[in-house]
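Dear colleague,

Please find below the sequence and the structure that I am handing over to you. My notes on what was found follow directly after.

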Amino acid sequence: MIIDRKYTALPEDIHLNEMQEQLVPHMNGNDNLVLLAPTASGKSTSITMYGRKHVERGKKILYVGIMKALAEEKKNDWETDEHYWGKLKTSVITGDYKWTSQSQKELEEASLVVITPESLLSRLRNSGNEKGAWMNDVG
């Protein structure tokens, strides 16, 4: 498959696996994506290449990490200067997340939201109030 790398935010020398290649036709559309795949299958690379267009359109990317340690690890990885998303604001929501005016502002300004499944369920249940309003901006 020939891939136009300007849409993937990835260097030329990175090889895409079969799962990642299947995402390429959807990158220029307005499709939302739920990606479920085994550990070490390329999900983080996929979200980087797929999420680029959504971030450029002003939408938030929602990454569900199974536990707090993974959520913090992803945030730290994505905030490095070497990463394509290094200059984007990231917010992490885990079980010990406290809803404050500062955390609300952080969520509103974040392009990337890393969240645990339990916290996502809580936010979905509260999607009609201020605690869940930010989810309307997820692309």
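Two strands pair if DSSP finds at least two bridges between them. The helices (H or I, at least four residues) and the strands (E, at least two) are themselves DSSP runs, numbered from the N terminus. Please note that this is a predicted model, in which local features need pLDDT of at least 70 and side-chain atom pairs count only at pLDDT 80 or more, while totals for chains, interfaces and linings use all residues. Residues are numbered from 1 along each chain as its sequence is written, and side-chain values use heavy atoms, with hydrogens and water left out.

**The chain as a whole**

The chain contains five helices and three strands, which follow one another in the pattern α-α-β-α-β-α-β-α. Of its 139 residues, 40% are buried, where buried means under 20% relative accessible area, exposed means over 50%, and partly exposed is in between (1.4 Å probe, protein chains only). The chain exposes about 8,300 Å², and carbon and sulfur atoms supply 50% of this area; accessible areas come from the Shrake-Rupley method with a 1.4 Å probe, and for residues only the protein chains shown count as cover. Among the contacts in the chain with a separation of 6 or more, 53% are between residues 24 or more positions apart; a contact means heavy atoms within 4.5 Å.

**The sheet**

Strands of a sheet pair through backbone hydrogen bonds, either parallel or antiparallel. Here the three strands form an open sheet in the order β1-β3-β2, with parallel pairing. Because β1 (61-64) and β2 (90-93) stand at the edges with a single partner strand each, one side of each is left without a neighbour in the sheet. From one strand to the next, the twist averages 20°; the axes behind such angles are lines fitted to C-alpha atoms, for helices over the stretch in contact, and angles run from 0 to 180 degrees between N-to-C directions.

Strand β3 (residues 112-115) runs parallel to β1 and is joined to it by four bridges. Within this pairing, I61 stands opposite L112. The pairing of β2 with β3 is also parallel and extends over four bridges, and T90 has L112 as its bridge partner in β3.

In a regular strand the side chains alternate between the two faces of the sheet. In β3, L112 and V114 point one way, V113 and I115 point the other way, and all are buried.

**The helices that pack on the sheet**

An α-helix has 3.6 residues a turn, so residues three or four places apart point the same way. In helix α3 (residues 68-78), the buried residues are A71, K74, K75 and W78. They fall within an arc of 100° when seen down the axis of α3, so they line one face of the helix; the arc is that of the directions from the helix axis to the C-beta atoms. These buried residues pack against α2 (43-56), β1, β2 and β3.

In α5, the buried residues are S119, L120, S122 and R123. Their arc is 160°, so they too line one face of their helix. They pack against β1, β2 and β3, whereas the face turned away from the buried side carries the exposed residues E118 and R125.

The loop between β3 and α5 holds T116, which is buried at a relative accessible area of 5%. Which residues does T116 touch, leaving aside its neighbours within four places in sequence? T116 is in contact with V64, G65, M67, K68, I93, T94 and G95.

**The aromatic cluster**

A search of the whole structure finds two aromatic pairs. Rings of Phe, Tyr and Trp (its six-membered ring) pair if their centres lie within 6.5 Å; planes under 30 degrees apart count as stacked, over 60 as edge-to-face, and the rest as tilted. The rings of Y63 and W78 have centres 5.1 Å apart and planes at 90°, so this pair is edge-to-face. Y63 lies in strand β1 and W78 in helix α3, 15 residues apart, and the pair thus links distant parts of the chain. The rings of W78 and W85 have centres 5.2 Å apart and planes at 70°, so this pair is edge-to-face.

Together, the ring pairs link Y63, W78 and W85 into a cluster. Are these residues buried or exposed? Y63 is buried, with a relative accessible area of 11%; W78 is buried at 3%; and W85 is buried at 0%.

Yours sincerely
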